[in-house]
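Dear colleague,

Please find the structure below.

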Amino acid sequence: MSPSVVIRGGKVVNHDFTEKADVLIEGGKIKEVGHDLPVPKGATVLDATHKLVIPGGIDTHTHMQLPFMGQVAIDDFYSGTRAAVAGGTTMIIDFVIPQKGEGLLGAYDKWRGWADPKVCVDFSFHVAVTWWSDEVKRDMETLVKERGVNSFKIFMAYKGVFQLDDSQMIEVFKTCRELGALAMVHAENGDMVAELQQKMKTLGIMGPEGHALSRPEIVEAEAVNRAIMLSNQSHCPLYVVHVMSKSAADSITLNRQKGQVVFGEPIAASLGTDGTNYFHKCWAHAAGHVLSPPLRPDPTTPMYLMQQLANGNLDCVGTDNCTFNTAQKAVGKDDFTKIPNGVNGVEDRMSIVWTKGVCAGLIDECKFVEVTSSKAAKIFNLYPKKGRVAVGSDADLVVWDTSASRMISKDTHHQAVNFNIFEGQTVFGKPVHVISGGHVVLQDGELKVSRGHGNYIPRQAHCSHVYNILRHREKTEQPVPVTRGPYTGPVAEPAK
Ligand code: URP
Ligand code: ZN
Ligand code: ZN
């Protein structure tokens, strides 16, 4: 049983209102939100004067210790979630990614075995579908009904490894629809990427710039558009992970305007830096920024994506945190197609959004809470257990100092990786105190995390935030046959 905690004198910020109030925490839950709350005997009192009290951040997209491209991501479920706390994030949703031919249930169990003893915050899992069979379909059903998984990711890229073709994607979308799950997509045309990679090599381009050049925006936008068409024709809601370009964001906006049910997730990387880094003279610097889809060389992209979050065309911010040390990246030193894909973000996400969003005058503190926490909780069916400061919600809270600033550096960050894509940037907004499940895990800026403290959070299918509109629409848009008399004229014989 966790001890009582009282957060005193702060401004409570939810996505829809703010109020000056104290917060009382007992038994891991928020017990009371109100003025001048009495302090129970033995309670820890945290001062939040001149600070915000916000729901803990939810990172919708991480890959801790992912085995990928011949390496294992260096930030594991301990260092990764410890760094998350340092940045104000109290829940991650990681991806179980089975190899082709591997059972989804077995992969899920393996990931739980990795995560359970190490996590410092609550976590949940999306599961990737990397091949298709009746067994996969059965596993999806078991995962939904018995393991609390309500979201499945499809890769349209990584040809020959994880990529599904259109007919397989349709099967996954239909199955998600039957199960009431949310489909997620890594949107890039993998066949075109493979073609362009070969072209770059023929031109003698072997460095990290080849990564960006072989994955132009149109390759992302085409896949976004195709995925939305296929999923919505299957009456399945879609969530586009790691939205990296203006064109991809525009495709989501356009389809939404036509009434398609699609959500978009920019990441800390796409909001906080850009693809000019691939053309840097230092190989390690350029390779350190390699992820897929790539950062875009157009330096106005980050602000554009933040504007789309501000106006509601995009939904919530993840990170795609998947970190590899420079030596790991260097397995691709002579061939950009071999550089392990992935970058950091789990620690810096909240500060990046505060700086590029609130400090830039594009969003207010309510929208900040929405895009870093509440909307994710809604889309993935965690709300209001997560994503809200309210009586009965989990006590995952952050006391956020809006006036604090810091310079991001690999030398001071808490992640295990020896590189930081935001190196040298001064960011604003910082957690002073972080509470996870009622436990103070960061106090006055000092980490107090423990391995295995976090819990696996199962998530129910048929999430109303995602499915209600589709169900209503289905009733009004059900095709009906035309009533007409029978055709009575001649019928031709089949040709011989
Ligand atoms: O480059 C990336 N994004 N690495 C992680 C795997 C994925 O595609 O999400
Ligand atoms: Zn991906
Ligand atoms: Zn990812």
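The donor residues of the zinc ion (ligand 2) follow the spacing K-x32-H-x55-H in sequence. In this predicted model, local features need pLDDT of at least 70 and side-chain atom pairs count only at pLDDT 80 or more, while totals for chains, interfaces and linings use all residues. Residues are numbered from 1 along each chain as its sequence is written, chains are lettered from A and ligands numbered from 1 in the order in which they are written, and side-chain values use heavy atoms, without hydrogens and water.

The donors (N, O and S atoms within 2.8 Å of the metal, or 3.2 Å for Na, K and Ca; water is not among the atoms, so sites may look incomplete) are K153 (NZ), H186 (ND1) and H242 (NE2), at 2.1 to 2.5 Å from the zinc ion (ligand 2). Because H186 lies in strand β12 (residues 182-186) and H242 in strand β13 (residues 238-243), the pair ties together parts that are 56 residues apart in sequence; strands here are DSSP runs of E, at least two residues, numbered from the N terminus. The zinc ion (ligand 3) is 3.6 Å from the zinc ion (ligand 2).

K153 also meets ligand 1: a polar side-chain atom of K153 is 3.1 Å from an oxygen atom of ligand 1. For H63, a side-chain N or O atom lies 3.1 Å from a ligand 1 oxygen. At S292, a polar backbone atom is 2.8 Å from an oxygen atom of ligand 1. Taken alone, ligand 1 exposes 260 Å² (Shrake-Rupley method, 1.4 Å probe), of which the protein buries 99%.

Yours sincerely

Note on methods:
Helices (H or I, at least four residues) and strands (E, at least two) are DSSP runs, numbered from the N terminus. A polar contact is a pair of N or O atoms within 3.5 Å; within protein, one must be able to donate a hydrogen and the other to accept it, and residues adjacent in sequence count only if both atoms are side-chain atoms.
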